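Please read the points alongside the sequence and the coordinates.

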Amino acid sequence: MSELQTNNRYPGCVAMKLHLQPTKDEAPPSVIARFRRARNIRTDVNVSLTITFSGQQAIDIPKGKRLGLTGGQTTFGIRRGQLKLALQNCTMPPDQISLGTAGIQGGSKQPSTDLFHVQNTSAEESPTWTFEANKAHRLIEGTLKEQLLGLLSVATSPYDISATFTVEGEDIQLDWGQLRGAQNIHRNKLAMIERGIVLRYLKPLLETAPLCEWRGSHD
């Protein structure tokens, strides 16, 4: 497996990496590879996820008359986000998905830590997991370390796998940090300013590209 790219745009908020481990075969790898190319023999690969949510990403906010601020820095986290795999020449059958399922049924919720839960939507070529903070918490926080997502079924080589973690504007949570001009403002006004920062600045910034990307391929 050759890793082509790992890109965590805001690692202070969320960072992830995938781990791929072929299941054990009895024959030597060179023999297996030769027969697989000749006879299109299927192989299976365990796909695991390491992901860390810290909710402490600092970001600069420009000044603006509309918001009534002279700029500064704020921190943000997320309440909900979506991990999606894109698979080529391989699939992840619904009955082989582990995280966020109950038995072999996709779409049910399974606790991951005390701070968030995960829900899976089964689709063989594009399985998706939604991470969401539990009701008692404002943000997703915590770590999953090499948590098994599921079993990848590979029929032909080369095969490619990519993963993206994305958020929507309404799932962003803002902390005030050191925003100049935000002192001594009525809390209703602060709520309006916060909404303005999220919708006019953070939303387009964070929705234009995934927060995290991972890509790999195998010959």
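Is K203 buried, partly exposed or exposed? K203 counts as partly exposed, at 25% relative accessibility; buried means under 20% relative accessible area, exposed over 50%, and partly exposed in between, with a 1.4 Å probe and protein chains only.

1. Basis of the note. This is a predicted model, in which local features need pLDDT of at least 70, side-chain atom pairs count only at pLDDT 80 or more, and totals for chains, interfaces and linings use all residues. Residues are numbered from 1 along each chain as its sequence is written, and side-chain values use heavy atoms, with hydrogens and water left out.

2. The helix pair. K203 and E207 form a salt bridge, 3.0 Å from N to O; the term stands for a side-chain nitrogen of Lys or Arg within 4 Å of a carboxyl oxygen of Asp or Glu. Both residues sit in helix α2 (residues 187-207), 4 residues apart, so about one helical turn separates them. E207 is partly exposed, at 36% relative accessibility. Helices (H or I, at least four residues) and strands (E, at least two) are DSSP runs, numbered from the N terminus.

3. The other salt bridges. The whole structure contains 4 salt bridges. In one of them, R80 pairs with D171, with 2.2 Å between the closest N and O atoms. This pair joins distant parts of the chain, 91 residues apart: R80 belongs to strand β6 (residues 80-88), and D171 to the loop between β12 (159-166) and β13 (172-179). D171 is buried at 7% relative accessibility, whereas R80 is partly exposed at 28%. A network of salt bridges links R80, E132 and D171. R215 and E213 form a further salt bridge, the closest N and O atoms being 3.2 Å apart. E213 is buried, with a relative accessible area of 14%, while R215 is partly exposed at 34%.

4. The sheet. Four strands make an open sheet in the order β2-β3-β11-β7, with antiparallel pairing. Its edge strands, β2 (14-22) and β7 (90-91), each pair on one side only. Two strands pair if DSSP finds at least two bridges between them. Strand β3 (residues 43-53) and strand β11 (residues 142-154) have 10 bridges, in the antiparallel sense. Opposite F53 stands G142 in β11.

5. A loop proline. P62 is found in the loop between β4 (57-61) and β5 (72-78). Its relative accessible area of 46% makes P62 partly exposed. The C-alpha atoms of P62 and Q73 are 8.5 Å apart, and the two residues are 11 residues apart along the chain.
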